[in-house]
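Visitor: Please put the model on the screen. I would like to go through it with you.

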Amino acid sequence: MKDNILYENFSLENYSDEERQLILSSFKKINFKKGEFLLKEGQKANAYWMVQEGFVRSYLIDFEGNDVSTYFYSPPDVVIDWPSFFMHTPTKEYIQALTDCVCWELDFETFQQLFHSIEEFRERGRARLVKSYFDLKRHSTSLITDQAKERYLRLVEEKPEIIQNVSLKHIASYLGMKAPSLSRIRKEMSGGNS
């Protein structure tokens with residue numbers, strides 16, 4: 001299964017046998033229990049993880065003390081706090097397992113070695129960073145410009161596994177609304193039978 005997750009994320013068929021083996025041997029299997037933190041506010045990210053099984057959430061605590069979801073991760077997503085990982089700064093986010101999870105961890109030092117020695121690895125990393133930035137920008141813009149129902153429908157379309165496996169209160173905070181509003185939207189969409 002390790003190979004499958006890494007193949008999905010890196011398209012390993014594009015690498016030489018030596019490069020493929022180096023990448024595969026660089027990841028370490030980590031199990032997280034439901035509720036366990038991968039990273040807490042104030043810590044510096046020294047690794048990132050690929051999700052093989054389970055669900056992970058990142059969130060912030062706002063100025064009023066509310067827990068606000070910033071992203072959900074499911075297989076085969078890469079769980080990373082980009083600024084903390086690359087700039088070695090303390091994170092403001094919490095990253096927590098929502099279920100028992102199996103992940104593959106790559107530490108910063110090993111990442112740097114792969115990044116500087118394998119061109120394809122470097123290009124895929126850059127592409128992932130750019131995609132992450134655009135996803136974040138689209139989401140933050142959507143919170144301002146789109147109706148709540150539109151935001152919900154987009155999440156249903158793009159990440160249906162999140163809708164099926166994550167609590168309504170976490171989904172609602174990610175979509176910029178309260179749980180009762182999300183329940184009302186879901187009820188309207190189902191014809192009033194929820």
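**Charge, fold and sheet**

Visitor: How far apart do the centres of the positive and negative side chains lie in the protein chain?
Guide: Lys and Arg count as positive, Asp and Glu as negative, while His and the chain ends are not counted. Each charge is placed at NZ of Lys, CZ of Arg, CG of Asp or CD of Glu. The protein chain has 26 positive and 29 negative side chains, and the centres of the two sets lie apart by 6 Å.

Visitor: What kind of model is this?
Guide: Residues are numbered from 1 along each chain as its sequence is written. Local features need pLDDT of at least 70, side-chain atom pairs count only at pLDDT 80 or more, totals for chains, interfaces and linings use all residues, and the model is predicted.

Visitor: What share of the 194 residues in the protein chain is buried?
Guide: Buried means under 20% relative accessible area, with a 1.4 Å probe and protein chains only. By that cut-off, the buried share of the 194 residues is 43%.

Visitor: Of the contacts between residues at least 6 apart in sequence, what share joins residues at least 24 apart?
Guide: A contact means heavy atoms within 4.5 Å. Among contacts in the protein chain between residues at least 6 apart in sequence, the share joining residues at least 24 apart is 67%.

Visitor: Which residue is the bridge partner of Asn31 in E8?
Guide: Strands are DSSP runs of at least two residues, numbered from the N terminus. Two strands pair if DSSP finds at least two bridges between them. E1 and E8 (residues 101-107) pair in the antiparallel sense over 5 bridges. In E8, the partner of Asn31 is Val102.

Visitor: What is the strand order of the open sheet of 4 strands?
Guide: The pairing is antiparallel. The edge strands, E1 (28-32) and E6 (78-79), each pair on one side only. The order is E1-E8-E3-E6.

Definitions and conventions
Heavy atoms only, no water. Buried < 20%, exposed > 50% of the residue type's maximum accessible area, 1.4 Å probe, protein only.
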